[in-house]
Amino acid sequence: MRSSRIGLATRLTLVMGMSLAALILVAGIGWWVYQRAFETIARSSLETITALSEDSLARQGKAAASLLAKQLANQVYFLDIGGIGRITSAAVNRGDIEYVIVFDAQGSVLHDGTEDIGTFGQAMNDEFTPRAIATTSTLVQTSDRLIDVTEPLMLGTERIGGVRVGLNRDSSRTGLARMEADLRAQVLEHNRRTLLLFGGTLLAVLLLAGTIAFLSLRKVVQPLREMVEHAREIEQGRFQIAIDRRRRDEIGDLQQAFARMSASLGDYDRQIRALAYRDTLTGLGNRRALHDALPLIFERVRAENSHAALLFIDLDDFKRINDTLGHESGDRVLIQVAERIVRARNETRLDERIDAGWDDEIAARFGGDEFVVLLLGSDVRERARHMAQLTLELLRLPLMTETRPVVLNVSIGIALFPDDADSAQSLLRNADVAMYQAKLHGKNGHRFFNQHMLQVVEDRLGLEQDLRHALQNNDLEMHYQPIIDLGSSTVTGAEALMRWRHPERGNVPPTLFVAVAEEFGLIDQLGEYALRRACRDIRTWPLRPDGQALFVSVNFSVRQLKQRSLAGRIAEVLEAAGLPAERVHIELTESSLLGNDAESMSTLAALARIGVPLWLDDFGTGFSGLAHLRALTVEGVKIDRSFIQEMLNSRSDRALATAIVALTRSLGIRCIAEGVEQEEQMHALKEMGCELAQGYWLGYPMSLADFMLYLGAGPGSSLRDSLRAAQSSEPS
Ligand code: C2E
Ligand code: CA
Ligand code: CA
């Protein structure tokens with residue numbers, strides 16, 4: 001396409017060239033016509049002049065001949081040769097007369113104007129003779145050289161002879177030739193001048209046209225070309241274009257319109273960028289801003305031999321706030337967290353001097369509850385540590401929500417550039433890995449990245465592979481921890497807790513492999529595995545001394561609630577095992593149940609319909625209130641271990657445990673105290689009126705075989721003894 005394109009300048013030049021060629025052609029034709037006309041005029045005027053001079057020569061001859069005829073008539077009649085001689089010789093010497101011949105009626109010469117009359121008496125025999133002898137009136141004859149006028153000599157009516165006057169045409173001819181040469185010379189001179197004038201004018205016109213064409217090309221095409229160039233710049237995102245604003249014509253208008261357009265495009269571009277790069281909730285930069293800015297910043301950092309630190313800040317359990325207090329509260333919390341992060345960053349800038357580079361110390365919201373801060377300079381390691389501590393400190397102060405203050409923990413991972421990674425992407429990943437480690441190590445802390453952490457991540461990948469394998473090969477075991485009725489001191493059921501003995505790693509904690517299963521989408525499979533195992537095992541359990549059947553309590557991950565068919569699957573497993581729904585209980589962590597996500601709620605409703613009793617696990621650590629408890633059909637709650645453990649030392653924990661027990665009683669639901677490790681704790685719980693308890697003091701989680709022994713110890717032996725008898729390796 002491009003090659004066949006004809007530019008405006010080329011077109012204008014072509015049109016201009018063609019017009020000039022036409023002009024030259026017309027001028028040439030004009031010149032030719034003019035030339036022809038001029039020559040015709042010159043020739044015909046020469047002819048006219050020639051004719052006129054011949055005419056006057058003839059008239060001169062006639063006048064001379066008739067005068068001679070009058071003078072000679074008598075002399076001829078009398079043959080007075082002397083008289084004839086006088087008259088003729090006088091005539092011969094005059095003007096152009098070359099000869100005078102007087103002849104008689106027979107045509108014989110009487111006188112030839114010479115002194116000796118050499119031809120006297122001879123007959124005339126030149127070319128004019130025959131008609132000259134015969135004529136009776138004036139006769140003009142011409143030859144190449146001569147004009148011969150014959151006048152008859154009459155006596156009355158009788159012709160007695162004649163006189164001939166011969167005129168030389170040569171002299172008039174040479175005059176004419178001179179005249180013609182003169183004229184030609186003049187014509188040539190005239191032509192030369194005209195040609196000069198004409199050519200000069202043409203040249204001037206050409207020059208003028210060329211100049212006009214060149215100027216107009218420059219005036220029109222040049223700005224157009226410039227604008228095309230500017231348009232290219234605009235395409236590349238450079239909106240500052242220099243335009244000559246002095247021009248006051250259409251092109252000038254166009255240029256100015258173009259400049260205005262470019263300026264407003266630039267404004268839009270800036271606005272769009274600002275919008276596209278800003279997180280609307282917190283006003284910080286967003287993920288895109290970070291992605292676009294980091295490579296450029298790192299390029300500079302590298303060039304300046306400087307350093308950068310990237311802090312990856314993640315809120316622990318933020319989802320819980322969203323789920324329990326609503327999204328508006330969640331938003332308010334995020335805004336305040338962002339403010340505190342920025343404050344922490346700014347307070348690590350000990351130097352009061354305003355450093356231009358600090359604009360590059362981006363603080364961005366990376367995802368829902370993830371924030372990223374970039375620090376620059378040679379001392380970033382110390383600053384990053386300082387900032388992490390400051391952030392943790394600032395977030396220890398409660399955050400305001402719509403209804404009440406909350407305290408949130410954060411986990412912070414830090415990676416350094418160029419020490420830990422040499423690209424934006426890997427630096428972000430490594431900071432994320434470090435953050436994850438901070439979370440694994442008890443949350444609410446910070447961790448610097450090290451290469452060993454990547455190993456841990458890789459380990460998780462390996463763990464996932466092994467877990468798939470273990471699920472397929474039925475390598476996962478179920479342990480059971482007895483749940484004791486404090487009133488009757490008998491076993492009423494057991495919590496099923498999964499165990500995985502890895503061939504190389506040894507015992508893998510359930511918190512770890514459950515998290516891996518959740519992360520890699522294996523949780524539904526794992527959940528069903530646990531349920532089937534528990535249903536299979538419980539069928540071998542003996543009845544209680546009072547004839548009642550024991551129940552098994554299976555832990556479910558909140559992620560499993562996303563499975564629409566969960567209730568249906570559970571019903572199938574129960575039916576296949578021939579178990580009534582009330583013998584298999586389900587434990588879900590308190591906080592997970594209270595989200596307002598519709599999917600989970602409908603699964604919960606379906607579970608209630610099939611009659612499976614539901615327990616709220618780790619109760620007291622979440623945000624649930626009475627309203628939530630009433631909204632759900634639950635069997636009861638399991639008071640979180642942490643309250644039981646501190647119960648004897650901490651008044652507030654004891655008060656909380658007491659309150660929960662009272663609350664469940666008034667709601668008519670049941671209550672299990674978890675983590676009972678001491679006899680005193682058991683007594684205290686009994687006093688409070690807590691119905692059920694579970695813990696190391698009452699029985700470790702144990703293998704099915706051990707649990708059977710434990711159950712078979714019979715009513716005679718004390719709980720403590722049977723526990724000891726069935727002692728398994730737990731806890732390590
Ligand atoms: P959880 O549901 O809160 O389970 C109770 C945990 O407390 C168990 O840890 C148990 O061994 C431990 N425990 C019981 N009595 C005492 C005590 O007196 N003192 C102390 N310090 N701890 C006690 P375990 O077995 O390590 O399980 C950890 C968590 O893993 C469980 O917490 C549960 O959330 C999860 N989990 C275990 N098995 C399964 C399973 O089959 N499915 C699912 N989804 N989660 C499971
Ligand atoms: Ca549990
Ligand atoms: Ca628990």
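The model is predicted: local features need pLDDT of at least 70 and side-chain atom pairs count only at pLDDT 80 or more, whereas totals for chains, interfaces and linings use all residues. Residues are numbered from 1 along each chain as its sequence is written, chains are lettered from A and ligands numbered from 1 in the order in which they are written, and side-chain values use heavy atoms, with hydrogens and water left out.

**Calcium sites**

- The calcium ion (ligand 2) is coordinated at 2.1 to 2.3 Å by Glu495 (OE), Asn555 (OD1), Glu587 (OE) and Asp617 (OD); donors are N, O and S atoms within 2.8 Å of the metal (3.2 Å for Na, K and Ca), and sites may look incomplete because water is not among the atoms.
- Along the chain, the donors of the calcium ion (ligand 2) follow the spacing E-x59-N-x31-E-x29-D.
- Glu587 lies in strand β17 (residues 584-589) and Asp617 in strand β18, so this pair ties together parts that are 30 residues apart in sequence; helices (H or I, at least four residues) and strands (E, at least two) are DSSP runs, numbered from the N terminus.
- The calcium ion (ligand 3) is coordinated by Asp617 (OD), Asp618 (OD), Glu674 (OE) and Glu674 (OE), at 2.3 to 2.5 Å.
- Asp617 bridges the calcium ion (ligand 3) and the calcium ion (ligand 2), which lie 4.0 Å apart.
- Asp617 lies in strand β18 (residues 614-619) and Glu674 in the loop between β20 (670-673) and α20 (679-688), so the pair ties together parts that are 57 residues apart in sequence.

**Surroundings of ligand 1**

- Ligand 1 is surrounded by 22 residues, the closest being Arg499, Asp617, Arg641, Glu677 and Tyr696; a residue counts as near if one of its heavy atoms lies within 4 Å.
- A nitrogen atom of ligand 1 is 2.9 Å from an N or O atom in the side chain of Gln481.
- An oxygen atom of ligand 1 is 2.8 Å from a polar backbone atom of Tyr696.

**Salt bridges**

- The whole structure holds 32 salt bridges, each defined as a side-chain nitrogen of Lys or Arg within 4 Å of a carboxyl oxygen of Asp or Glu.
- Arg460 and Glu519 form a salt bridge at 2.5 Å, N to O.
- Arg460 lies in helix α11 (residues 451-472) and Glu519 in helix α12 (residues 510-519), so the pair ties together parts that are 59 residues apart in sequence.
- Arg460 is buried at 7% relative accessible area, whereas Glu519 is partly exposed at 44%.
- Lys638 is buried, with a relative accessible area of 0%.
- Glu495, Glu587, Lys638 and Glu674 are joined into one network by salt bridges that share partners.

- Arg340, in helix α8 (residues 327-347), is buried yet has no salt bridge; Glu339, the nearest side chain of opposite charge, is 6.3 Å away. Lys and Arg count as positive and Asp and Glu as negative, while His and the chain ends are not counted.
- Arg159 is found in strand β5 (residues 158-168), and its side chain reaches the backbone oxygen of Ile133 at 2.6 Å.

Definitions and conventions. Buried means under 20% relative accessible area, exposed over 50%, partly exposed in between (1.4 Å probe, protein chains only). A polar contact is a pair of N or O atoms within 3.5 Å; within protein, one must be able to donate a hydrogen and the other to accept it, and residues adjacent in sequence count only if both atoms are side-chain atoms.
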